[in-house]
Amino acid sequence: MMAAVSLVACGSGSEITIGSANFAESQVLAAVYAQALRAKGITVDETPPLGSREAYVPALQDGSIDLIPDYTGTLLQYFDTKAAQSAPDEVYAALRAKLPAQLTVLDMSQAQDKDAVVVPEAIARKYHATSIADLAPHCGELVFGGPPEFQTRPDGIPGIKQVYNCAFQSYHALDAGGPLTLAALRDGQIQAADVFTTDPNIGPDHLVALGDPKNNFAAQNVVPLINSAKATPRVRQVLNAVSAKLTTETLIALNAAFNAPDKPDQSTVAKEWLSRNGLG
């Protein structure tokens, strides 16, 4: 992934180079930012997906890219592995205090997409589990699947083990809540997984997102993460207007539209949503 980052040319002048992570929602949100900025006459270059935060944060810091959609809780833990804040405003304030000088977050949206431990309905029924706490005594019987970085992130496997005393039998490195993970759950290759709460497949695939009563997963509000040098008043105004309109229901709808049978590209999905909300 880092090789892909190195190929991105640094944006110059007023041009904004926008990246995304390697999952669909991030790609759609990046397209929303790009279309909104273009509608106000700002030149935008979009990169292919850059992988995980471990790849794209350094790219933001060295200017390979300028802007990416991100999530407050996991971004805070990237910069402060001991962060204990969980409420949205507390997480956002702590994040702003921890960011290096060359990075800035703009206004936080109300939209949240949190990681969740997700299991098939049959597993939830078998163990009478509605929360991770309920599942904990049986974790040793289950194979867990998720992206490679979830194995080491503080709120990933280490956090689940520490907070809930839940140690899974083994770990299968798959994708970030994407088709590989969902297929593995459907086929029984894994019995639990890291899936995002706004995934439109949870209901249709007969999955259960388990509750997190001890707040292992902090608030995850969508926020634009930008190289400070590119956070001009004009760019701030455009992106803050987008954030003001984003809700969790919006994320679910955008994900569903992007995964519709006719498979529109992310630019089409973004443009339609911006137009409906007077931002196009």
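Residues are numbered from 1 along each chain as its sequence is written, and side-chain values rest on heavy atoms, with hydrogens and water left out. Because the model is predicted, local features need pLDDT of at least 70 and side-chain atom pairs count only at pLDDT 80 or more, while totals for chains, interfaces and linings use all residues.

A nonpolar core is taken here as a set of buried Ala, Val, Leu, Ile, Met, Phe, Trp, Tyr and Cys residues joined through side-chain atoms within 4.5 Å. Buried means under 20% relative accessible area, exposed over 50%, and partly exposed in between, with a 1.4 Å probe and protein chains only. The largest nonpolar core has 59 residues, and those with the most contacts inside it are Ile18, Leu37 and Val242. Helix α2, residues 24–39, gives the most to this core, with nine residues; helices (H or I, at least four residues) and strands (E, at least two) are DSSP runs numbered from the N terminus. Leaving aside neighbours within four places in sequence, Leu37 is in contact (heavy atoms within 4.5 Å) with Ile16, Ile18, Ile42, Val44, Leu67, Val235, Val238 and Leu239. Apart from this core lies another, of 21 residues, which include Ala129, Phe144, Cys166 and Leu210. In soluble globular proteins, nonpolar side chains tend to be buried together.

Next comes the disulfide, defined as a pair of cysteine sulfur atoms within 2.5 Å. The count comes to one disulfide, which joins Cys139 to Cys166 with an S to S distance of 2.0 Å. The pair links distant parts of the chain, 27 residues apart: Cys139 is in the loop between α7 (132–135) and β6 (143–146), and Cys166 is in the loop between α8 (157–164) and β7 (170–173). The torsion about the S-S bond is about -100 degrees, so the disulfide is left-handed. Both partners are buried, Cys139 with a relative accessible area of 0% and Cys166 with one of 2%.

The strands named above belong to an open sheet of five strands in the order β7-β6-β8-β5-β9, with mixed pairing. Two strands pair if DSSP finds at least two bridges between them. At the edges stand β7 and β9 (207–209), each with a single partner strand, so one side of each is left without a neighbour in the sheet. On average, neighbouring strands are turned by 35 degrees against each other, direction ignored; axes are lines fitted to C-alpha atoms, for helices over the stretch in contact, and angles run from 0 to 180 degrees between N-to-C directions. Helix α9 (residues 179–187) packs on the sheet, touching β5 (115–120), β8 and β9, and its direction makes about 140 degrees with that of β8.

Within this sheet, β6 and β7 pair in the parallel sense over four bridges. Val143 has Ser170 as its bridge partner in β7, and Gly145 has His172. On the other hand, β6 and strand β8 (residues 192–196) pair in the parallel sense over two bridges, with Gly145 opposite Ala193 in β8. Val143 and Gly145 point one way from β6, Phe144 and Gly146 point the other way, and all are buried. Together, β6, α8 and β7 make a right-handed β-α-β unit; right-handed here means that, with the strands pointing away from the viewer, the path from the first strand over the helix to the second runs clockwise.

A few single residues also deserve a look. Val195, found in strand β8, counts as buried at 0% relative accessibility. The C-alpha atoms of Val195 and Val117 are separated by 6.6 Å, although these residues are 78 residues apart along the chain. Not counting residues up to four places away in sequence, Val195 touches Lys114, Asp115, Ala116, Val118, Gly177, Thr181, Leu185 and Ile202. In helix α10 (residues 233–245), Ser243 is buried, with a relative accessible area of 3%.

Most residues other than glycine have a negative phi. His128, in the loop between α6 (121–126) and α7, has a positive phi of about 50 degrees although it is not a glycine, and His128 is exposed at 69% relative accessible area. Asn165, in the loop between α8 and β7, likewise is not a glycine but has a positive phi of about 55 degrees; Asn165 counts as exposed at 63% relative accessibility.
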